[in-house]
Amino acid sequence: TAGVATNNTFRNVVAERLNTNPVQTRQGTLFVDQTGIASLDLESLNVVGGQWVKGHITLTQPAAPSGLRCKVRSNNGTYAPFGGTVTEIEVFVPAGAIRSNDFTITTKLHKGPGNVNVQISTFKQDYPTLTQTLVLRPIDLTFTATPAAAIGGSQNFDCNLLLTELAPTNGVTTAISSSDTVVTVPSTVKIDEGTNSKAFTAVTKSVVAPRTVTLTATINTLPSALVKTVSVTVNPLSIGLTISPNPITGGLATTGTVTVGAPAGSSGLRVTLGSSNTAVAVVPSAIVIPTGQTQGTFNIATFQVGANTNVTISARTPAGVQATATLTVVALNIQVTVNPNSVVGGIENGLGNIAISAPAPGGGTVVNLTSSMPSAAAVPASTTIPAGQTSRNFVITTSQVNVDRSVSITARLATGRSAT
């Protein structure tokens with residue numbers, strides 16, 4: 001021996017075998033290792049669950065030529081393993097170094113209640129045990145959706161996930177689900193590492209009656225999943241229909257106006273139209289309310305009728321919500337007059353005048369004419385009142401008669417209404 005070594009020391013050693021003749025002697029070098037473990041170092045001792053924590057050990061002096069190996073243990077492989085569920089790893093300090101390679105504690109998300117304390121310790125035979133307490137804080141989640149009620153197919157819900165802590169390593173993935181297909185949500189939403197919130201959109205579809213839908217957000221935490229829900233209401237799109245002018249004389253056009261309860265979406269809103277009597281009033285098959293608008297108009301073409309007629313005009317949303325309005329198509333009245341009403345046959349002609357109760361539509365209004373005695377007073381077979389006009393003259397051609405004759409002149413519309 002050569003006294004007590006206080007540092008890593010190389011000593012010369014001589015060994016003799018005395019029971020041989022001659023005595024056998026061997027000489028060598030013995031390394032006296034006085035290296036200790038100064039500390040177990042973790043980059044943080046208080047983190048939110050799910051945050052990965054790096055650590056290492058530090059020696060009291062440079063490691064021996066063979067280096068130094070030491071085990072590091074976690075007393076809770078569920079909440080704070082070294083990857084997976086491993087509770088023990090080995091670290092190594094290379095020769096001449098005082099710091100080991102880094103190790104990583106892959107802590108897990110948890111929802112409490114309260115903090116979870118995990119003991120991280122060193123273990124090496126004949127060496128003192130060093131221990132650090134790692135505190136894992138829980139997380140909680142707030143899940144909101146606005147507005148609380150939306151019009152299906154026209155309005156969506158703005159949803160937000162808000163954590164009580166900044167998201168740990170690799171962020172927090174949240175599973176999202178909807179209890180009803182009238183509201184579509186993404187399957188997952190990730191709150192990025194270092195942030196505490198994430199917004200997303202829940203898209204609605206058209207409905208014919210109010211629907212209450214539950215949206216669910218789920219985070220995979222310990223000891224069980226963290227689940228939050230929010231209820232929203234999807235309402236049908238209201239629709240109204242007006243017609244102006246109304247009543248309208250048959251043969252003239254009027255205008256229908258569709259009004260919906262919310263602005264049309266990015267593709268516009270297609271509204272299907274219908275008429276209960278297409279022989280009297282015709283509408284287009286559909287109109288599209290432009291993006292961002294709440295109204296659309298359409299033309300209603302009417303035809304002449306023999307008597308006042310009511311027609312039901314309908315407008316229907318893609319979801320089947322319907323509005324109706326009654327259009328009254330008024331019969332066109334006609335009058336006929338002659339001037340003078342007494343003439344000398346064959347020498348004087350008469351002048352007839354036809355008057356209708358509303359301006360003639362495009363193409364004019366055809367009026368058929370007849371005389372009760374064409375041999376004495378002849379009229380053209382028909383005449384047309386020009387578009388936009390309400391009257392038209394025609395000539396009554398007379399012939400000589402041997403006695404006074406009374407002749408009736410009749411004007412008849414295509415609807416059968418007539419005047420004499």
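**Contacts, pockets and backbone of a predicted model**

Student: At what distance does the side chain of Thr398 reach the backbone oxygen of Glu348?
Tutor: The model we are reading is a predicted one, and Thr398 is found in its strand β34. The side chain of Thr398 has a polar atom that lies 3.0 Å from the backbone nitrogen of Gly346. Turning to the backbone oxygen of Glu348, the side chain of Thr398 reaches that atom at 2.4 Å.

Student: Does Thr398 count as buried or exposed?
Tutor: Once neighbours within four places in sequence are left aside, Thr398 is in contact with a list of residues that includes Val343, Ile347, Asn349 and Ala376. The cut-off for buried is a relative accessible area under 20%. Because the relative accessibility of Thr398 is 12%, this residue counts as buried.

Student: Which element gives the largest share of the lining of the largest pocket?
Tutor: The largest pocket holds about 540 Å³ of space, and among the 24 residues lining it, the closest to its centre are Asn341, Ser342, Val343, Arg405 and Val407. The largest share amounts to 3 residues, and it comes from β29.

Student: How many residues apart in sequence are the parts that the pair of Phe82 and Phe103 ties together?
Tutor: The structure holds 2 aromatic pairs, and the one formed by Phe82 and Phe103 is edge-to-face, with 5.9 Å from centre to centre and 80 degrees between the planes. Both residues count as buried, because the relative accessibility is 9% for Phe82 and 2% for Phe103. Phe82 lies in the loop between β6 and β7 whereas Phe103 lies in strand β8, so the separation in sequence of the parts tied together is 21 residues.

Student: How far apart in space are Asn160 and Gln335, C-alpha to C-alpha?
Tutor: Asn160 has its place in strand β13, where, leaving aside neighbours within four places in sequence, its contacts include Thr142, Phe143 and Lys198. Asn160 and Gln335 are 175 residues apart in sequence, and their separation in space is 72 Å.

Student: What is the omega of the cis peptide bond that joins Leu222 and Pro223?
Tutor: Most peptide bonds are trans. A cis bond joins Gly112 and Pro113 with an omega of about 10 degrees, and Pro113 has its place in the loop between β8 and β9. Pro223 is found in the loop between β18 and β19, and the cis bond joining Leu222 to Pro223 has an omega of about -5 degrees.

Student: Does Asn170 count as exposed, partly exposed or buried?
Tutor: Most residues other than glycine have a negative phi. Asp126, in the loop between β9 and β10, has a positive phi of about 70 degrees, and its 75% relative accessibility means that Asp126 counts as exposed. Asn170 likewise has a positive phi of about 70 degrees, and it is found in the loop between β13 and β14. Because its relative accessibility is 46%, Asn170 counts as partly exposed.

How values were computed
Residues numbered from 1 in each chain as written. Heavy atoms only, no water. 1 Å grid on protein atoms, 1.4 Å probe; cavity = no way out; pocket = protein on both sides within 12 Å on 5 of 7 lines; lining within 4 Å. Points joined across faces, edges and corners; volume = space filled by probe spheres on them. Helix = DSSP H or I, 4+ residues; strand = E, 2+ residues; numbered from the N terminus. Buried < 20%, exposed > 50% of the residue type's maximum accessible area, 1.4 Å probe, protein only. Polar contact = N/O pair within 3.5 Å; in protein donor to acceptor, adjacent residues only side chain to side chain. Contact = heavy atoms within 4.5 Å. Phe/Tyr/Trp six-rings, centres within 6.5 Å; stacked < 30°, edge-to-face > 60°.
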